[in-house]
Amino acid sequence: MPADPPPGIAGETPVRSARTRRRTASERPPRASATSAVEVRRSNRRSRTVSAYREGDRTIVLIPARMSKAEEQRWVNVMLDKLAAQESRHILGDGELAERAERLSAEFLDGRARPLSVRWVTNQNTRWGSCTPAEGSIRLSHRLQGMPEYVVDYVLLHELAHLLVPGHGPRFWLLLEAYPRTERARGYLEGVVAADRLPHLPAARGE
């Protein structure tokens with residue numbers, strides 16, 4: 001396995017490695033963090049690799065000059081996800097999870113959701129998180145560890161909302177509307193579930 005690139009930099013990625021993704025991924029608009037704009041820089045010297053890094057409040061994506069707009073969009077998505085994964089490799093402890101829950105509740109739920117305990121568990125393989133309103137407890141699946149922070153935040157906020165509204169009716173989803181990455185996080189998790197269900201097929205010839 002190759003060494004990891006430096007933090008904040010999604011290292012040189014061969015363009016050829018996107019062939020399988022090209023056949024399965026839907027076209028999506030370029031994704032950036034809530035505080036970061038994306039700047040794409042084309043280079044005539046670059047022919048087979050794509051890379052990306054953070055520069056202040058911007059994300060710089062370097063691509064070959066010959067790429068089409070569709071390929072550019074696809075690779076911006078790929079590199080943003082790689083950066084997000086690199087930046088979230090620090091595993092939050094239970095104490096940090098509790099602090100994160102308090103911040104999310106204050107920011108999106110007016111501080112009304114106040115869990116008494118927030119912790120990781122290893123016995124939740126069919127759900128991402130759960131809560132027991134009567135006990136004020138929230139549990140997140142260890143499978144979320146290493147996923148982008150916005151995904152962890154979404155699941156945590158989801159369970160915080162359940163402390164206020166037990167079911168998944170309109171009142172519940174109304175609480176999550178304030179979180180700007182709800183749909184993106186749901187899409188990410190749906191993609192993980194779909195990938196887990198795919199058969200492990202041999203690679204196509206030439207890949």
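This is a predicted model: local features need pLDDT of at least 70, side-chain atom pairs count only at pLDDT 80 or more; totals for chains, interfaces and linings use all residues.
Visitor: What makes strand 5 and strand 6 the edge strands?
Guide: Strand 5 (117–121) and strand 6 (129–132) each pair on one side only. The sheet is open, with three strands in the order 5-7-6. Its pairing is mixed. From one strand to the next, the twist averages 20°.

Visitor: Why do strand 6 and strand 7 count as paired?
Guide: Pairing takes at least two bridges between the strands. Strand 6 and strand 7 (residues 137–141) have four bridges, so they count as paired. Their sense is antiparallel.

Visitor: Which residue in strand 7 is the bridge partner of Thr-132?
Guide: That partner is Ser-137.

Visitor: Which strands does helix 4 touch?
Guide: Helix 4 (residues 149–164) packs on the sheet and touches strand 5, strand 6 and strand 7. Its direction makes about 150° with that of strand 7.

Visitor: And where does helix 3 lie?
Guide: Helix 3 (residues 94–108) lies across strand 5 and strand 7. It runs at about 130° to strand 5.

Visitor: Why is Arg-100 called buried?
Guide: Buried means under 20% relative accessible area. Arg-100 has 14%, so it is buried. Its place is in helix 3.

Visitor: What does Arg-100 touch, leaving out residues up to four places away in sequence?
Guide: Arg-100 touches Leu-92, Glu-149, Asp-153 and Leu-156.

Conventions:
Residues are numbered from 1 along each chain as its sequence is written. Side-chain values use heavy atoms; hydrogens and water are left out. Helices (H or I, at least four residues) and strands (E, at least two) are DSSP runs, numbered from the N terminus. Axes are lines fitted to C-alpha atoms, for helices over the stretch in contact, and angles run from 0 to 180 degrees between N-to-C directions. Contact means heavy atoms within 4.5 Å. Buried means under 20% relative accessible area, exposed over 50%, partly exposed in between (1.4 Å probe, protein chains only).
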